[in-house]
Amino acid sequence: MIELFIFLLVTGSIVAWWQLMQGRQRARKAAGKVCGNHGLQLLDDTVSLSSVTWDRTNPNSRIRVNYGFEFATNGARRRTGVASMGFPSSYTFTITLDLEEGRLIEAVS
């Protein structure tokens, strides 16, 4: 019985890790799209999982997954951004860019 529990725990961990890595790739594409639309350069290697939280405000998506990244405004000045996605039902990202003028928030599907 304990072997079954360990097997299910390991299998669940592998599936969760796989889903988070697939989400990272989708976050990279969504952030690149928004940065490209606004003439910014996404620094691809900086996209990483920043947090996984319980979302009580959205009844459709119970988990909120945030991926942080960096982008450059003119090739030299680095800024931060966040790609946020509801899981498991939503594949729409909310991209938040911290610019000098203020925050830019854009939804990308």
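Please keep in mind that the model is predicted. The protein has 109 residues, and 28% of them count as buried. Its secondary structure comes to one helix and five strands. Starting at the N terminus, the order of elements is α-β-β-β-β-β. Along the principal axes, the C-alpha atoms fill a box of roughly 60 × 30 × 20 Å. Taking contacts with a separation of 6 or more, 37% are between residues 24 or more positions apart.

Now the helix. Helix α1 covers residues 2-37, which is 36 residues. From first C-alpha to last it reaches 52 Å, close to the 52 Å expected. After α1 comes Gly-39, with a positive phi near 70 degrees.

Which residues of α1 are buried? They are Gly-23, Ala-27, Ala-30, Ala-31, Val-34 and Cys-35. These buried residues pack against β1 (41-54), β2 (63-72), β3 (78-87), β4 (93-99) and β5 (102-108).

Take Ile-6, which lies in helix α1. Is Ile-6 buried or partly exposed? Ile-6 counts as partly exposed, because its relative accessibility is 45%.

Next, the core. In soluble globular proteins, nonpolar side chains tend to be buried together. Here the largest nonpolar core has 18 residues. Those with the most contacts inside this core are Cys-35, Tyr-67, Phe-69, Ala-83, Phe-93, Ile-95 and Leu-97. At least two core residues come from each of α1, β1, β2, β3 and β4. The element that gives the most is α1, with five residues.

Leu-97 shows what such a position touches. Leaving aside neighbours within four places in sequence, Leu-97 has contacts that include Val-34, Cys-35, Phe-69, Phe-71 and Leu-104. Thr-80, Gly-81 and Arg-103 are also among the contacts of Leu-97.

Last, a residue in strand β3, Arg-79. Why does Arg-79 count as buried? Its relative accessible area is 16%, and buried means under 20%. With neighbours within four places in sequence left aside, Arg-79 is in contact with Phe-69, Glu-70, Phe-71, Thr-73, Asp-98, Leu-99 and Glu-100.

Methods. Residues numbered from 1 in each chain as written. Predicted model: local features only at pLDDT ≥ 70, side-chain atom pairs only at ≥ 80, totals over all residues. Heavy atoms only, no water. Helix = DSSP H or I, 4+ residues; strand = E, 2+ residues; numbered from the N terminus. Expected span 1.5 Å × (residues − 1). Buried < 20%, exposed > 50% of the residue type's maximum accessible area, 1.4 Å probe, protein only. Contact = heavy atoms within 4.5 Å. Core = buried A, V, L, I, M, F, W, Y, C linked by side-chain atoms within 4.5 Å.
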